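This report looks at side-chain pairing and at helix packing, in that order.

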Amino acid sequence: MSESTEHGMNDLDLERPGSDPPPSYTGWQAAVARYFRFDSYRTNFRTEILAGVTTFMTMAYILVVHPLIMSDAVFLNAPRDLFRELVIVTGVASAIGTLTMGLLAKYPFALAPGMGMNAFFAYSVVLGLGIDWRVALAAVLIEGLIFIALTVTDIRRHLITAVPTAIKAATTVGIGLFLAYIGLSGSTETGGAGLIIANEVTKTDFGSFRQPSTVLATVGIFLTAFLMIRRVKGALLWGIGGTALLGWIFGVATPPKGIAEIPAFPSHLFGQAFVGLGGINAGNFIDFVAVMLVFLFVDMFDTIGTLAGVGTQAGYIDENGELPRANQALFADAIATTAGAVLGTSTVTTTQYWKL
């Protein structure tokens with residue numbers, strides 16, 4: 001989901017032929033550069049800021065797609081009545097997870113509510129099993145606390161090491177295909193690309209190029225692919241910006257009406273996981289435990305696959321096939337899941353790393 005990067009090396013590969021030495025910094029900039037080892041990774045503030053903006057743009061879809069999925073099951077009186085609060089929770093939970101990953105593990109890995117996990121939460125657990133969404137949040141909270149315990153005791157790292165490389169690679173590929181499927185599908189009426197649509201007989205089918213949104217999405221894909229093939233720095237960012245501009249010019253998309261807006265506090269979501277703990281009773285205890293274990297199992301393999309994938313792509317995997325500072329990265333992931341549950345969202349996990 002990203003391009004070539006100056007992060008693509010490990011601690012043993014610090015000399016990159018042809019790369020310019022990073023500039024010298026003073027004051028607080030020197031402290032930041034020293035903490036994140038800018039010299040070792042041959043990077044600088046400009047590269048990191050531009051790479052961070054690019055990564056935000058490539059994963060900003062989660063701010064809309066995740067609340068759309070969750071608000072089908074998480075609501076007060078009618079579906080979508082908590083959509084705006086879910087948008088805020090999604091952004092805050094992603095920020096907490098990403099900051100924790102950067103400050104604690106010193107990895108440029110971005111975290112956000114996991115796709116697939118949110119669909120399981122909304123459609124299988126809440127709507128399918130009839131479990132109250134607050135109780136489902138409690139299951140995510142307990143899962144996060146168990147992950148913290150497994151990480152502190154070093155059990156989780158050993159579990160990751162025990163998983164064969166083939167399964168890690170397969171998990172990474174599966175996650176990538178799933179995200180690609182999401183990106184290519186979706187109704188054009190709700191802003192989706194429409195390249196993949198539902199079909200009662202074959203389950204999936206090709207969309208129609210009679211839809212302007214589908215044509216725009218296709219042009220955007222080819223434009224971005226062309227820029228990436230030409231190794232243009234910030235190709236994804238330019239591709240997204242160019243596609244948006246074309247959409248505004250031809251009236252396919254509505255231009256933004258403002259730059260920023262003060263968000264409302266998610267008062268109906270914050271702390272509801274603790275309320276859900278009080279909703280566990282003899283009638284739903286078995287279902288609660290089963291759901292919690294499924295969250296635990298799926299999140300574990302999701303994290304294993306994603307960390308292995310982004311770690312390999314970024315060049316952080318060492319000669320033993322392990323991720324240095326793995327425990328710190330896993331602890332940040334566990335903290336993000338727990339914080340996300342308290343805020344009012346499904347499992348937060350590592351999604352990608354920022355690169356230029």
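Which side chain meets that of Arg80 in a salt bridge? The partner is Asp72, and the N to O distance between the two side chains is 3.1 Å; a salt bridge is taken here as a side-chain nitrogen of Lys or Arg within 4 Å of a carboxyl oxygen of Asp or Glu. This is a predicted model, in which local features need pLDDT of at least 70 and side-chain atom pairs count only at pLDDT 80 or more, while totals for chains, interfaces and linings use all residues. Residues are numbered from 1 along each chain as its sequence is written, and side-chain values use heavy atoms, with hydrogens and water left out.

The structure holds two salt bridges, and the table lists them.

| Salt bridge | Distance, N to O |
|---|---|
| Arg80 and Asp72 | 3.1 Å |
| Arg134 and Asp132 | 3.4 Å |

Arg80 is partly exposed, with a relative accessible area of 41%, and Asp72 is partly exposed at 22%. In the other pair, Arg134 is partly exposed at 22% and Asp132 is partly exposed at 34%. On this scale buried means under 20% relative accessible area, exposed means over 50%, and partly exposed lies in between, with a 1.4 Å probe and protein chains only.

Turning to the helices, which are DSSP runs (H or I, at least four residues) numbered from the N terminus, α5 (residues 83–105) and α14 (residues 326–343) have axes that come within 9 Å and cross at roughly 160°. The axes are lines fitted to C-alpha atoms over the stretch in contact, with angles running from 0 to 180 degrees between N-to-C directions. The two helices are therefore roughly antiparallel to each other, a label for angles over 145 degrees, whereas 65 to 115 counts as roughly perpendicular. Their contact (heavy atoms within 4.5 Å) involves residues of α5 including Val89, Ile96 and Leu104, and residues of α14 including Phe331, Ile335 and Leu343.

How values were computed:
Angles under 35 degrees count as roughly parallel, over 145 as roughly antiparallel, 65 to 115 as roughly perpendicular and the rest as oblique.
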